[in-house]
Structure formats: structure tokens, C-alpha cells
Amino acid sequence: MSRPHSDLPAEAQTADAAGEAAQLGPDLESRVVDDDHQALKLWLRLLACTTRVEDQIRNRLRQQFDTTLPRFDLLAQLERHPEGLSMRELSQRLMVTGGNVTGVVDQLEAESLVQRQPHASDRRSFTVTLTPSGRRLFRRMAATHEAWVVELLGGWNAAQKGEVYGLLAHLKLHLAGLEQARPAPKAGKPGKPGKASTPSPAPRRKGSP
């Protein structure tokens, strides 16, 4: 890891960052140019770091456990909810489409790692739970996954991790505030007075029903 940049002038920081990028190879941060806003540079650095960590996790899961990150994430959700989750709840928690969840559940069920059971209050739905073998496998993967994350973020000491964690908490609150302040989408613009009411074919606008 390179030395902290906090005491360096901006020009030195830029040159140092460019040198680091050249050593690491191209990634999302390679899009940055000197004239870009600091916020854009920070955003692309965050993306680059996140992508590098995720790529490492994906590769290690595939090599060591012959599995994928979506499968690991789904098992993690079920481990946190031993009573089970519906397909819709899994889709919401994983932030993916129902079709994607169905495909992953089908694979895991075929391997006897999860099981579907009729939903207690909705006959049209199923509850997905871990099987005993699925729970044992996940706990073994989770312990290894944690060790990987500790290793991958080992470039920071404990104080630096705490500082970054706090800074990102402020950013997260700021983003949540922006989401809450965002106006609700309009249902549609009313027609102008004086216009004929006869319907006429027109291309639909993006977002219109």
C-alpha cells in the first residue's frame, strides 16, 4: 500500500494516483482525467476498489467451492432467516428479478442445499429454507469468505478502517436524504384545453403506462 496522501499537495496526489493506476492495470478509474471534478474521481475510485474486491471474491468462490456469488448471497439470506423466505422476499433482498431468483433456487434445490415448502398463508407461494447440508456448507463458506474480506481490506489498519466506515456512513445518510426528497413521479400531464378529445396514435413516452 502506498503512503497516505493527506499531507501531499494536490499535484503530487494526482501524479501518485496515476502511477498506482499504471501499476495495477486498467480499471474504471482509468477513465479519470485531470480536469474531472474531485467527486467524479472519488466515485470512480470507489467503483474500481469495489469491483476489484468483488472480482477476487467471485474467483475464489468458484475455485474453492465451485459456486457463484449470487448463490452465496442467496444462501446468506436464508441463513439469516431460518424460518424461510418467499421468492418475492428473496428477490427484494437480493435486488434482482424474480426470474433470476428462481433460476438460482432451482440449482440449489437440485443440489439438496435448499428446499421449497408451501407458504403458510399464501397457497400460490412457496417458502424457501436451507436444508441441513445447505446450512453446513454455507457456514463453512461464510467463515472462509470473512477471512478473504479481512485479507482484501488489509491495506488499512484498524484506525483507517474506522475512519472510512464513518465517512461512508455520512455519505449513506446524505444519499438516503436525497432519495426521500425526490418528488414522486407524476401520473401524467393533463391534456391542453381546446384540443379535440379524439384519440390519435402517438409514440409512448418512456415511463408511461
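The views below show a predicted model.

**View 1. Leucine L175 lies in helix α7.**

View 2. Helix α2 (38–65) and helix α7 (158–181) each contribute at least two residues to the nonpolar patch.

**View 3. Three strands form an open sheet in the order β1-β3-β2.** The pairing in this sheet is antiparallel. Strands β1 (85–86) and β2 (114–118) are the edge strands, each pairing on one side only. Strand β3 (residues 126–130) runs antiparallel to β1 and is joined to β1 by 2 bridges. Within this pair, S86 stands opposite T127 of β3.

**View 4. Helix α5 (residues 98–110) packs on the sheet.** The helix touches β2 and β3. The direction of α5 makes an angle of about 110 degrees with that of β2.

**View 5. Arginine R135 is located in helix α6 (residues 132–152).** Apart from its neighbours within four places in sequence, R135 is in contact with E79, P82 and L130. R135 and V114 are separated by 21 residues in sequence, while their C-alpha atoms lie 8.7 Å apart in space.

Technical notes
Residues numbered from 1 in each chain as written. Predicted model: local features only at pLDDT ≥ 70, side-chain atom pairs only at ≥ 80, totals over all residues. Heavy atoms only, no water. Pairing = 2+ DSSP bridges. Helix = DSSP H or I, 4+ residues; strand = E, 2+ residues; numbered from the N terminus. Contact = heavy atoms within 4.5 Å. Axes fitted to C-alpha atoms, helices over the stretch in contact; angles between N-to-C directions.
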